Every structure is written in structure tokens, then in C-alpha cells.
Amino acid sequence: MPFLGQDWRSPGQSWVKTEEGWKNYSLDDKNSNDSDVSYCKTEDECFQENLRLSVTYDMAAKKRRKDCMNNNAKIPYFHKEKWIYVHKGSTKERHGYCTLGEAFNRLDFCSAIKDNRRFNYVVRLLELIAKSQLPSLSGVAQKNYMNILERVVQKVLGDQQNVRPIKELLQTLYVSLCGLVQDMGKSVLVGNINCWVHRMENILQWQQQLDNIQINRPVSKGMTLTELPASLQLNIMERLSDGRDLVSLGQVTPDLGQLTEDRLLWKRLCQYHFTDRQIRKRLMVSDKGQLEWKNMYFKLCRCYPVREQYSETLQFCTHCHILFWKDTNHPCTANNTESCCKPVSPQGFINLFKF
């Protein structure tokens with residue numbers, strides 16, 4: 001098969017478009033037809049046309065490959081690997097996913113957001129990446145980040161749950177992008193600025209959809225929360241780890257609002273999230289000489305990070321350096337895998353890939 005392009009390895013043959021169709025001509029055939037001047041002119045013109053067609057074909061092929069990977073792709077690709085090998089060095093014998101972007105691409109976060117046990121963990125990880133780690137991701141990882149975020153928003157709109165955390169995530173991401181887009185051209189974000197402006201418009205659209213969401217009242221034939229005894233209602237409130245949830249619950253009915261003002265409830269909440277030393281530094285006493293635990297809680301939240309608790313997190317095996325989900329059997333050769341496997345918090349996930 002002769003080469004179509006101008007290559008030094010070409011045997012001197014080329015496909016030429018003529019009035020009769022495509023024909024294969026060699027250099028000897030062209031020299032033997034010098035008497036046919038008109039045909040030589042036609043051959044040169046056809047060769048130039050052939051060259052233009054080949055260049056056009058190459059450009060069209062590149063455009064098709066680019067369209068398959070751009071943000072307008074109808075079916076984005078998601079990896080579904082349950083575990084990855086993590087190491088900070090690269091050798092000739094072993095290459096692994098040693099960057100945050102590669103780990104974010106390879107781990108199965110798309111299926112994790114469908115699991116209620118892992119949902120809050122993934123949302124917190126997305127929030128931490130949006131705050132400071134978005135520029136460190138590769139172009140593919142940044143695009144994958146936006147695709148996963150879109151699925152998170154669609155899940156919240158469908159389930160009508162976890163609306164507030166997603167609103168906070170979108171607001172954090174939008175504020176970060178506003179600062180990063182201003183530095184375009186300084187190797188901050190990968191891609192065209194118009195692409196990121198379009199993504200910011202999508203974030204504003206998602207925020208508007210979450211603001212306009214209508215929570216449907218569930219149809220239940222059993223007892224409701226307001227019909228339970230006050231002692232059981234307080235017992236349920238003690239299971240809430242976020243003070244904002246207590247405030248929202250107290251706005252449902254006046255009776256629930258009175259229960260959410262229980263001082264013991266807020267005291268346990270402060271002791272759960274903060275240390276005794278932190279609490280002693282932020283003491284607030286009322287006119288009656290009593291500690292205002294509710295006001296202290298929100299003041300402590302502004303000064304210190306709250307305690308994070310997740311139903312299921314990623315696990316890291318210190319023996320084989322494998323990062324995996326808890327219910328996944330990773331290929332570890334240790335005799336006691338439970339002793340060498342440690343839970344990884346969202347911040348620990350990011351710190352794991354810092355050099």
C-alpha cells in the first residue's frame with residue numbers, strides 16, 4: 001500500500017484523482033507521459049486537491065476525537081476500579097497512580113454517590129478539592145470532577161435529601177472558580193476559558209434548581225415524629241450531629257421548637273465536636289449564670305472545625321499501599337489485614353498524595 005502523504009519513505013507512488021476516478025501512478029509513469037502536457041497539468045491539480053483532502057480529513061479526525069472527550073459528550077466515561085495502588089515514587093518496574101488526579105479518576109466515585117453510606121464522604125471530598133486542590137487536577141480529572149458533581153446534583157434533586165450540603169458545595173466551587181478564572185493563562189485551570197465560563201453557568205443553574213426544589217411530604221400511615229412522646233423525640237434529636245438540623249427541626253412546630261432549646265441537648269453536641277480546652281476558651285454565661293450551650297456551639301463552629309463522622313470511608317493498607325473501599329477485597333498479602341488497614345478521611349485522602 002503506497003503512502004498517501006509526502007513521506008521520505010514513500011516508494012514514489014501516489015493516488016491521483018482523475019476524471020475517470022482514483023488511479024495509482026508512480027514517478028516513472030509521470031516521466032513517460034511528458035508529451036501529454038494537458039494530462040500532466042491535470043495530474044498536478046489533482047495532486048494538490050488530494051493533498052487538501054488529506055489535510056481536511058486529518059483535521060476532521062482530530063475534531064471527532066476531541067468531540068468524544070469534550071464536555072458535550074452525551075455519555076461521559078467513568079472508571080469503576082474498586083482499589084488502586086498508591087506510591088510516591090516511580091521506577092522502571094512499577095508505575096502507579098501517584099497523583100490526586102489519577103486517584104480521583106480511577107476510583108469508583110460514580111457508584112459511591114449512589115450509596116447513602118458513602119454519599120457524605122464523597123461530597124466532603126468534592127468540597128475540599130473545590131477549595132484548594134482543583135488546579136492540581138489534570139484536565140481529564142477536572143472534567144471528571146464536573147461530571148460527578150452533575151450526578152450528585154441530579155441525585156439530590158431526585159431524592160430531595162441532603163440539599164443544604166450540596167448548596168454549600170456549589171457555592172464553594174463557584175467562589176473558587178471566580179478567582180481561578182481571573183488567573184487564566186497562568187497554568188491555573190486546564191482548558192479554554194469559555195469552557196469554564198460555561199461550567200460556571202451550569203453551577204448557577206444547579207443552584208437555582210436547588211433553591212426552587214419543592215420537598216414532597218412523604219405518605220405514611222404510621223406514627224409521625226410529632227405524635228411520639230417527648231422523651232422519644234429528644235432521643236431522636238440526640239442522634240443529630242449538626243446543630244443546623246436541630247434549628248431546622250425546631251421550626252416545624254412550636255412543640256419541637258421548645259424541645260430543641262434543651263440545654264443538655266446542645267451541651268452534648270458541644271462535647272461531641274469539640275475538646276474541653278476549646279470549650280473553656282469560648283465560655284458564654286447568661287444573665288442567670290447558666291452556660292449558653294447553643295450560642296457556644298455556633299461560636300465554636302466558627303473558630304474550630306467540627307468532628308466529621310461517616311458511615312463508610314476509604315481504607316488504606318499500610319502493608320501493600322492499596323487504597324480501597326471498605327467492602328472491597330484488595331489483593332493484600334499480609335496475614336492480618338485488619339491491623340494494617342486504616343480509615344482515610346477526606347482530608348487524609350488529599351494529604352495522601354502530597355509530596
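# Reading the labels on a predicted model

Contacts between residues 24 or more positions apart make up 61% of the contacts in the protein with a separation of 6 or more, where contact means heavy atoms within 4.5 Å. This is a predicted model, in which local features need pLDDT of at least 70 and side-chain atom pairs count only at pLDDT 80 or more, while totals for chains, interfaces and linings use all residues. Residues are numbered from 1 along each chain as its sequence is written, and side-chain values use heavy atoms, with hydrogens and water left out.

User: How many helices and strands does the protein have, and what makes a stretch count as one or the other?

Analyst: The protein has 16 helices and six strands. Both are DSSP runs numbered from the N terminus, a helix being H or I over at least four residues and a strand being E over at least two.

User: Why is Ile 84 called buried?

Analyst: Buried means under 20% relative accessible area, exposed means over 50%, and partly exposed lies in between (1.4 Å probe, protein chains only). Ile 84 has 0% relative accessibility, so the residue counts as buried. Ile 84 belongs to strand β3 (residues 83-85), and its C-alpha atom is separated by 8.6 Å from that of His 321, which is 237 residues apart from Ile 84 along the chain. Across the protein, buried residues make up 34% of the 355 residues.

User: What makes Leu 259 buried, and which residues does Leu 259 contact?

Analyst: Leu 259, in helix α11 (residues 254-259), has 17% relative accessibility and therefore counts as buried. Leaving aside neighbours within four places in sequence, Leu 259 is in contact with Ala 230, Gln 233, Leu 234, Met 237 and Leu 265. Leu 234 is 25 residues apart from Leu 259 in sequence, and the two are 7.0 Å apart in space, C-alpha to C-alpha.

User: Why are α5 and α7 called roughly parallel?

Analyst: The axes of helix α5 (residues 116-133) and helix α7 (residues 163-181) come within 8 Å and cross at roughly 15°. Axes are lines fitted to C-alpha atoms, for helices over the stretch in contact, and angles run from 0 to 180 degrees between N-to-C directions. Angles under 35 degrees count as roughly parallel, over 145 as roughly antiparallel, 65 to 115 as roughly perpendicular and the rest as oblique; α5 and α7 are therefore roughly parallel to each other.

User: Is Glu 127 buried or exposed, and which residues does Glu 127 touch?

Analyst: Glu 127, which lies in helix α5, has a relative accessible area of 14% and is therefore buried. Not counting residues up to four places away in sequence, Glu 127 touches Leu 169 and Thr 172, and both of these are among the α7 residues that α5 meets.

User: What makes α6 and α8 roughly parallel?

Analyst: Helix α6 (residues 139-159) and helix α8 (residues 193-211) pack at an angle of about 15°, with their axes 11 Å apart, and are therefore roughly parallel to each other.

User: How do you know that Cys 317 is in no disulfide?

Analyst: A search of the whole structure finds zero disulfides, a disulfide being a pair of cysteine sulfur atoms within 2.5 Å. For Cys 317, the nearest cysteine sulfur, that of Cys 320, is 3.4 Å away, and Cys 317 is in no disulfide. Cys 317 is at 0% relative accessibility and so counts as buried, whereas Cys 178, with a relative accessible area of 28%, is partly exposed.
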